[in-house]
Amino acid sequence: MSESKEKQVSRRTYLQVAGGTIAGLVVGGALGYLAKPTELVTEVTTVTRSLTETVTVTGTAPPPPPALPGAGVSERALAGAKQLVASGAVPAGATIKLLHVAGSKNNFEPFFADWEANTGTKVEVVTLGGEPDVYTKAFAEATAKTGAFDIITIFSTWKGDAIESGLAKDLEDYYRKYNPEYGSQYPDTTPIEPLGDYTTMYKGRHYAVDLDADVFTLTYRKDLLANPDYASQFKSKFGYDLNVPDTWEQVKDVSKFFTELDLKASDGEKVYGGYFYADAGWAAFTTWLCIFVSKGGILFSPTDMKAMINTQEGIDATQVMADLAPYMHPDALSMDWASLYKRYTEGKAVLTMAWPSLIKWAQDPETSQVVDKSGSALAPGSKVTVGGKEILLKAANNPVNWIGIVSSFSKYPELGYLFWQWITSPVVGADSVSRVGIMDIFRECWFRPPYRETFEKAYTPQFLDVFADCIAHSFPDLMIKGSSEYLDKLTKNVNAACVKAKTARAAMDDTAKDWEAITDRLGRDAQLDAWKSFIPLYPSDVQDVWKAKGYLS
Amino acid sequence: MMKTTNRLTQWVGKTESFKKLSTLPLSLVLNFVLIVPFAIMIFLSFTRWEPLSGYDWWHAPIAGIPRFVEAFGDARLLWALIRTTIFVAVVLPVEFLLGLGMALLFLGDFRGKKGFTSVILYPMMMPWVVVGLGFYLMFQFFGPVNLLLLRPLLGEGAVIDWFTNPVLAFVVVIIADVWQWTPLMFLIIYAGLAAVPKRLIEAAEVLGASSVRILRTVRLPLIKSLVVVALIIRALEAFKVFDIVYIMTGGGPGVNSTEVISLYVYNLAIVYHNTSYACAVSLLIMIAIALVTRLAIRPLEVRAE
């Protein structure tokens, strides 16, 4: 066999491969199109149409059907479920599948037996690793439309994507039929407003039920801050009294002080001054947003949707986090959100900022070494100048905020909704939410007797008072279409600045560039409309600062 | 009747048609499983579709070639490709050399050889996710590597924040992969070396060849084909690395500093919902890998001829 023969064969083979590849692409593309599930076309077109109608009919909604009789939210839900079974719409013994993040079944699972005893239907919880895993599975379902899950717990930041992809079912009719008592006309039972509305509504319609109120609070070791020795050392070092920090500059000082003090936790490991989310996984944006808004920053221009995160406020906020990094527990830069809970309750951080559930963890004697040693406060702020006058602007974001959606592809969507209404009702929800888990107090009535006692045990009385103030200063997470992508880019760049891979300015410039590309891809006008609808939800003092800076007219 | 049975028996025994017919059900199932998703992927790669579009994928507008052109100008894709190539280029020789060393060690007889052989193979049997999580925890700031290894050896301050440094984080990913997949190399090379006829080795020894020379001129050339196959399999697997990177670094620290191709495609398709572009990128990568693999197996084909 000559070499030329070998080459000939080889050339021929390559021609065959190349030709085959091109032919394969063409045939494959055609086959791919032909592989569309024709039997689904009619059904899915209906879903799409109903979404369009949803938007169109806003404001001219038909009169609500009479609400089902029942003394309260939970009773109506149970009556509705029984009626569905009695009418044969749902077979007795039917099972609703709930997709939920792993490690926090405690808020739901203990109640399944009650639901089954009362309705003759079952609930099964399917848990998945971390939040990104739930996201992956949920949006795979949006494409595959298998009906594998009936109801899903999602971050409110995913809401826009869940609705636009057709995954989340429009619940407006169920709201009218079963009346979960949302809104100011139900002051005794409604979820805390405006959180209840903006987390569950989209373009004027309800697509979710509230499961949570997630406004960040500053949590601190009150025993350490009150220690007179540390107080005098701190004063001699920084020239002012050691107190719960009011500003992010003070947070840096207090974190530095305690980190350098080199205290040891009970297992001999170092105690760090701070632990604020700065990881690249997904949580770094939560801390950054608090600082950014307190500095008077606005995410997008309300006139043209231009990304405004690389303004001076954005660069300063990033710099604050980069400066804080050396005085934070190292896990803050690389571990997931749960690590903050673990480290704080092990007594390895003095200052932290997280969801309300942190206090439940800290007060749980089974897992915590800092029971009764924690205090809560409104998130620190920044000093900003408005009209020549310096003010202290404080703002706390409401990141994540779990909500419950019903899958558009569920076999029993109405039953799924009714389960949500029941488990989140004032009575059942009080028991469910006060348990250690990721759901947090979200109804007005739970701050008052007869429920208050239950929640004081779970959260401490001081926390309940502070939390009301935090909600008053709170602002929503970014919940427009593409939020996950916007926040992912932001989180990774903030983390890059914290690990010194980028300067604060470069991190924000890069984020702004990415955000512009996302906005262009998703449609600038539509994104602008969505963003504008969120601006009124920011605290009035934040909006005043935006006006003073010329960001808002 | 007898005649018909005989004819049928003859046809069954001799004809190619029957052989093909008998494998048809399996072929159909396999091809359906392979072809349909692949065909959908190809179709989507020529469209502009994402789940948030508001319409289903089969209604997606055809975008044509621009999706592929976009990929050629995608810096993040290029970096992911470079990182993946570096990853493959590092793990492959390291795993090969370690596997070869271990195989040579195990060629001799020693006490407990069988037991050690089993233990060495355990990492390979573990799910990638478990390996990723194990190494993630081991290399944490307060993990055993820092506290039980570096601190006692090098002193109190000698702890490393592995996952906040892009290079070190990538090194940890490489270490995890080497730990898990060196046993595969060991297994294949050991099987090959053990099959080399002893008389050839003995003849070389009689002629005065050193162990190194015997390895270089007798053992390795005889197992060359096997080694090439092992390297190709490992390279393809390493190129698709996802789980351990996803678990350990999530592509960080910072902005995608350890992001590899599979993770980038995952982010495109799942996190950013940019499904059709993810399909286009996957298709390009697949074609590139197919061409590289074709080149890699060419020496084997030439030899077979």
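The following legends describe close-up views of a predicted model.

**Figure 1. Overall make-up of chain A.** The secondary structure of chain A consists of 24 helices and 15 strands. Of the 553 residues in this chain, 52% are buried.

Figure 2. In the domain assignment, domain 1 of chain A covers residues 62-207 + 402-461, and domain 2 covers residues 217-399 + 478-548. Taken over C-alpha atoms, the centres of domain 1 and domain 2 of chain A are separated by 30 Å.

**Figure 3. The side of domain 1 of chain A that touches domain 2.** Here 22 residues of domain 1 of chain A are in contact with 20 residues of domain 2 of chain A. On the domain 1 side, at least two residues each are supplied by α5 (131-144), α6 (159-164), α8 (195-200) and α19 (452-459) of chain A. The largest share, four residues, comes from α6(A). By type, the residues of this side of domain 1 divide into eleven nonpolar, six polar and five charged.

**Figure 4. The crossing of helices α22 and α23 of chain A.** Helix α22 (residues 504-522) and helix α23 (residues 524-534) of chain A have axes that come within 6 Å and cross at roughly 105°. Because angles of 65 to 115 degrees count as roughly perpendicular, α22(A) is roughly perpendicular to α23(A). In this contact, A:Thr519, A:Asp520 and A:Leu522 of α22(A) meet A:Arg524, A:Ala526 and A:Gln527 of α23(A). The residues of the contact comprise two nonpolar, two polar and two charged.

Notes. Residues are numbered from 1 along each chain as its sequence is written. Chains are lettered from A and ligands numbered from 1 in the order in which they are written. This is a predicted model: local features need pLDDT of at least 70, side-chain atom pairs count only at pLDDT 80 or more; totals for chains, interfaces and linings use all residues. Axes are lines fitted to C-alpha atoms, for helices over the stretch in contact, and angles run from 0 to 180 degrees between N-to-C directions. Angles under 35 degrees count as roughly parallel, over 145 as roughly antiparallel, 65 to 115 as roughly perpendicular and the rest as oblique. Two residues are in contact if their C-beta atoms, placed from the backbone, lie within 7 Å. Ala, Val, Leu, Ile, Met, Phe, Trp, Tyr, Cys and Pro count as nonpolar, Asp, Glu, Lys and Arg as charged, and the others, Gly among them, as polar. A residue is buried if 20 or more other C-beta atoms lie within 10 Å of its own, exposed if 12 or fewer, and partly exposed in between; C-beta atoms are placed from the backbone. Domain bounds come from an automatic or database domain assignment.
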